[in-house]
Amino acid sequence: MSDNPAAPGIRAPRTAQPAFPIFDPDAAPANPVTLVQEWLAFAVAGGVSQPKVMTLATASAAGIPSARSLLLQHITDEGFWFASLADTPKGRELAENPCAALTLYWREHGRQVRVSGAVTVGPRETAEGDFRARHPNARARAIAGEQSEVLPPIDEMSRLIAGAASQLDGEPEFVPQDWTAYVVAPDMVEFWQAAAGHEELRLRYRREGAGWAKERLWP
Ligand SMILES: Cc1cc2nc3c(=O)[nH]c(=O)nc-3n(C[C@H](O)[C@H](O)[C@H](O)COP(=O)(O)O)c2cc1C
């Protein structure tokens, strides 16, 4: 229970701190994308829970922000890829204000990665490959209704999902036109590493010309 009367139940009791991986900013590679790949591979190998789940923050043209969890699909030279439907709140925000921020948090390793940059729509084949690799139920639900719209009555919803499932049975390669692969081209990548005794480390990369400027930040 909380020891903070202003926020009952929020503050967890102190527990022993786990041993965090060592991060040496001076030995970090010149390209931050390489370091994200290294940290992600380490998180996957280390059994971190849901290592590819990231928070995607977007904003409307009026500057109203919104954020949600998504799966990081790939990291390439072009940037950080995710997939979703374009005719959704996030898709509409990206259409009117094509930039985004991402965060990945690997609790077990005390690590956070922040990325921000311009967002572009990837090739149709990438979106198709992503959609076809998804679970059949997820595909049927994406086809059956409008993501983020209010659900119809439950009978109607079941009927729409059953209809979409039978459409997929007859046409297993079907991909809705609206399914979209997006890529965030990073212009800033920041690494945060927890350490014993609250000696956290931060390293930020900023795009500078064809390369990257690296700087340590106060934690
Ligand atoms: C762990 C996790 C992974 C998710 N992955 C995706 C994803 O890859 N694509 C997607 O469209 N929604 C995904 N969602 C759902 C989104 O968080 C969100 O509810 C949905 O995309 C609607 O967002 P919007 O209303 O801001 O457009 C995921 C949710 C969670 C909790």
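Visitor: Strands here are DSSP runs of E, at least two residues, numbered from the N terminus. So which one does Glu 190 lie in?

Guide: Glu 190 lies in strand 7. Bear in mind that this is a predicted model.

Visitor: Is Glu 190 buried or exposed?

Guide: Buried. Its relative accessibility is 3%, and the cut-off for buried is under 20%.

Visitor: Which side chain does Glu 190 make a polar contact with?

Guide: That of Arg 202. The two side chains are joined by a polar contact of 2.9 Å.

Visitor: What else does Glu 190 touch?

Guide: Leaving out residues up to four places away in sequence, the contacts of Glu 190 also include Gln 112, Val 113 and Arg 114. Leu 203, Arg 204 and Leu 217 are on the list too.

Visitor: Switching to helix 3. Which of its residues are buried?

Guide: Helix 3 spans residues 124-132, and its buried residues are Ala 127, Asp 130 and Phe 131. Down the helix axis they fall within an arc of 95°, so they line one face.

Visitor: What covers the buried residues of helix 3?

Guide: Strand 7 is part of the cover. Strand 4 (79-85) and helix 4 (136-144) are also included.

Visitor: Now backbone. Where is Gln 50, and what is its phi?

Guide: Gln 50 is in the loop between helix 1 and strand 1. Its phi is positive, near 45°. Most residues other than glycine have a negative phi.

Visitor: And Ser 148: what phi, and buried or exposed?

Guide: Ser 148 has a positive phi of about 80°. Ser 148 is exposed, at 54% relative accessible area, and sits in the loop between helix 4 and helix 5.

Key
Residues numbered from 1 in each chain as written. Predicted model: local features only at pLDDT ≥ 70, side-chain atom pairs only at ≥ 80, totals over all residues. Heavy atoms only, no water. Buried < 20%, exposed > 50% of the residue type's maximum accessible area, 1.4 Å probe, protein only. Helix = DSSP H or I, 4+ residues; strand = E, 2+ residues; numbered from the N terminus. Arc of directions from axis to C-beta. Contact = heavy atoms within 4.5 Å. Polar contact = N/O pair within 3.5 Å; in protein donor to acceptor, adjacent residues only side chain to side chain.
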